[in-house]
Amino acid sequence: MPNIKSAKKRMRSNAKKVEVNTLITSSMKTAVKKFEKEAKAGNKEEASNKLNIAIQRIDKAMSSGKIHKNKAARLKSRLTKMKNSME
């Protein structure tokens, strides 16, 4: 446990940042999994809706610096390819 006042504050702020970062990344991963589930089931309309949500979450994670821009591009490319192969 830190004794210095600034170190105590840093611990509190880090805990808040970890919570927010985890929320953003986990919501992104959940959206991707939901899309993949719909794509495997063959529901075109639902998959299309889930794809839009997943892309929004990926973009949000990228813009806030939680994931690298190349990873975001790779994920979006894979998901779009999966949707296009359904048709």
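Modeller: Here is a look at that patch, then at the chain around it. Keep in mind that this is a predicted model, where local features need pLDDT of at least 70, side-chain atom pairs count only at pLDDT 80 or more, and totals for chains, interfaces and linings use all residues. Residues are numbered from 1 along each chain as its sequence is written, and side-chain values use heavy atoms, with hydrogens and water left out.

The positive patch on the surface brings together Lys 5, Lys 8, Lys 9, Arg 10, Arg 12, Lys 16 and Lys 17. A patch like this takes residues with over 30% relative accessible area and no salt bridge, joining like charges within 9 Å; a salt bridge would be a side-chain nitrogen of Lys or Arg within 4 Å of a carboxyl oxygen of Asp or Glu.

Take Arg 12: it sits in helix α1, residues 5-41, and has a relative accessible area of 53%, so it is exposed. Exposed means over 50%, buried under 20%, and partly exposed in between, with a 1.4 Å probe and protein chains only. Met 1 lies in the segment before α1 and is exposed too, at 84%.

Now the whole chain: it has three helices and zero strands, helices being DSSP runs (H or I) of at least four residues and strands (E) of at least two. Its radius of gyration, 17 Å, is well over the 12 Å that the globule rule gives for 87 residues, so the chain is more spread out than a compact globule. That radius is taken over C-alpha atoms, and the rule is 2.2 Å times the number of residues to the power 0.38. Of the 87 residues, 22% count as buried.

Terms used. Patches are made of residues with over 30% relative accessible area and no salt bridge: like charges are joined within 9 Å, nonpolar side chains (Val, Leu, Ile, Met, Phe, Trp, Tyr) within 5 Å. Accessible areas come from the Shrake-Rupley method with a 1.4 Å probe; for residues, only the protein chains shown count as cover. Lys and Arg count as positive and Asp and Glu as negative; His and the chain ends are not counted. The place of a charge is taken as NZ of Lys, CZ of Arg, CG of Asp or CD of Glu.
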